[in-house]
Amino acid sequence: MNDDLLEIKNFSISVNLNKNKTKLVEDINLNIPKGKVVGLVGESGCGKSITALSITQLNETPPLNYDSGSIEFKKKNLLALNKRELNKIRGMKIGMIFQEPMTSLNPLHTIEKQINEMLMIHSAISYSEASNKTKELLKQVGLESISKRIKSFPHELSGGQRQRIMIAISIANNPDLLIADEPTTALDVTVQSQILDLLGNLQKKMNMSILFISHDLAVVKKIADYVCIMKNGKIVEKNTKDNIFFSPQHPYTKKLVSSQTKKKDVVVNQNNLILKVNNLKVWYPIKKGFLRRIVNHVKAVDSINFELGVKQTLGIVGESGSGKSSLVLAILKLISSGGEIIFNQQNINNITNKKMKTLRKKMQIVFQDPFSSLSPRMTIEQIISEGLDVHEKKLSIEEKQSKIKQTIEEVGLKYEDIHKRFPHEFSGGQRQRISIARALVLKPKLLILDEPT
């Protein structure tokens, strides 16, 4: 199209793994028109994020081979630019919202400093002028209360607020193109809807183009004008949003669209209970004064009662801050709580830490943010074997390796491809599969999933 802002032509990427060349992305063709939103949809590990990061050449680890093709932004091939030329485009002409705001924002710097930095790198303005613009940007992304306390640090904000900070950084210099890499993955449904509305409003107001990357068709449907479907490193179908949803052509697209409305039969097993919670309370004290006396409590969980049977699934739904994570941590005895938590016919609030260590093998958790819950210094095999090292010390090396291989393949990954690699070498969805494998390798009786998708 003549009005294309970005054109990716016949683009292929490979990586050298175990002395073998592996194709990650093959013959990609993708156009982003001016002032439009293009959704890039596909399962974890299909090449979505690698393609997006290649636009501004942010793929540095592991070293990638750009085998063929070009990425043209305003008719200029970005792959032919040197680092200095690219730095003039990054953050100025092309903004980026990363997948995990907590790991993308610097925990040691204030919100003011991080947004100011983006402004001052590309404009000859003073720190105080940048701070004034930062306050306006925060208001623009719906953070008027934060604009009055710009000295806040990322850990003092909620997930939705951190994502809005990322959006403020990405639009600070009025970019022509915004790349949003799974920007709503770690957010609850209410906040997700607010972020999508915010991005839609900003896109229209600033007449930006957006490349919106997601594994969730329902999210893309709300914001995109055009949709590209990606599988195994290839774009298998691309069309307008209406044609993709109402007249899909490729079998994989048809499968994705039909899965959005599929109903599942619920099988309820009313046999013996695995977990019973009675009058559970998690209260956090509010301390004030020189002597730090307790003046009140934040009642995160207040008198909760429920039962969970063997082979049953129980869903707990609520907005951010409603107490879901505090409930989970109390059940695992990772924080103190009141009331009864009866797991496997034992009240875990009354047992010693030594007995609790034995029980932990039978209750495992998959955390919300896989990147921060996986050790960056351990290989995937070491991460998954850690539970076996603690709880099944009598296993031989061969038995342990067999268990790890079986579990990795159960979660849809290939043992030979991943066992010697590190977490940063995988996509967000692949890291979550690794987290699930780590939990399942011990064959627990209770699996707790804290916002796993």
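I began with Phe11, which is buried at a relative accessible area of 0%. The model is a predicted one, and I kept that in mind for each entry below.

**Aromatic pair.** I searched for ring pairs and got one for the structure. Its members are Phe11 and Tyr66, with ring centres 5.6 Å apart and planes at 40°, so I logged the pair as tilted. I then looked up where the two residues sit. Phe11 belongs to strand 1 (residues 4-17) and Tyr66 to strand 4 (residues 64-73), so the contact ties together parts 55 residues apart in sequence. Tyr66 is partly exposed, at 29%, while Phe11 is buried.

**Charges over rings.** I noted Lys221 over the face of Phe245, at 5.0 Å from the ring centre. I also noted Arg421 over the face of Phe426, where the distance to the ring centre is 4.4 Å.

**Cysteines.** How many disulfides does a search of the whole structure find? It returned zero. I checked Cys46, whose nearest cysteine sulfur is that of Cys228, 11 Å away. Cys46 is buried, with a relative accessible area of 2%. Cys228 is buried too, with a value of 5%.

**Helix 1.** I went through helix 1 (residues 48-55) for burial. Seven of its eight residues are buried, so the helix is largely enclosed by the rest of the structure. The buried ones are Lys48, Ser49, Thr51, Ala52, Leu53, Ser54 and Ile55. I recorded Gln57 after the helix, with a positive phi near 55°.

**Other positive phi values.** I looked at Asn279, which has a positive phi of about 50° although it is not a glycine. Asn279 is placed in strand 11 (residues 273-288) and is partly exposed, with a relative accessible area of 37%. Gln345 is another non-glycine residue with a positive phi, here near 70°. I found Gln345 in the loop between strand 13 (338-343) and strand 14 (346-347). Is Gln345 buried or exposed? Gln345 is exposed, at 73%.

**Second largest pocket.** I took its volume as about 580 Å³. The lining has 21 residues, and those closest to the pocket centre are Gly91, Met96, Phe98, Met118 and Ile169. Which elements give two or more residues to the lining? They are strand 6 (94-97), helix 4 (111-122) and helix 7 (159-170). Helix 4 supplies the largest share, five residues. I sorted the lining by class and got nine nonpolar, 10 polar and two charged residues.

**Gln194.** I placed Gln194 in helix 8 (residues 189-206). Gln194 is partly exposed, with a relative accessible area of 37%.

Technical notes:
Residues are numbered from 1 along each chain as its sequence is written. This is a predicted model: local features need pLDDT of at least 70, side-chain atom pairs count only at pLDDT 80 or more; totals for chains, interfaces and linings use all residues. Side-chain values use heavy atoms; hydrogens and water are left out. A disulfide is a pair of cysteine sulfur atoms within 2.5 Å. Buried means under 20% relative accessible area, exposed over 50%, partly exposed in between (1.4 Å probe, protein chains only). Helices (H or I, at least four residues) and strands (E, at least two) are DSSP runs, numbered from the N terminus. On a 1 Å grid over the protein atoms alone, a cavity is a set of points where a 1.4 Å probe fits but cannot get out, and a pocket is an open set with protein on both sides within 12 Å along at least five of seven lines; lining residues have an atom within 4 Å of a point. Grid points are joined across faces, edges and corners, and a volume is the space filled by probe spheres set on the points. Ala, Val, Leu, Ile, Met, Phe, Trp, Tyr, Cys and Pro count as nonpolar, Asp, Glu, Lys and Arg as charged, and the others, Gly among them, as polar. Rings of Phe, Tyr and Trp (its six-membered ring) pair if their centres lie within 6.5 Å; planes under 30 degrees apart count as stacked, over 60 as edge-to-face and the rest as tilted. A charge sits over a ring if NZ of Lys or CZ of Arg is within 6 Å of the ring centre and within 35 degrees of the ring normal.
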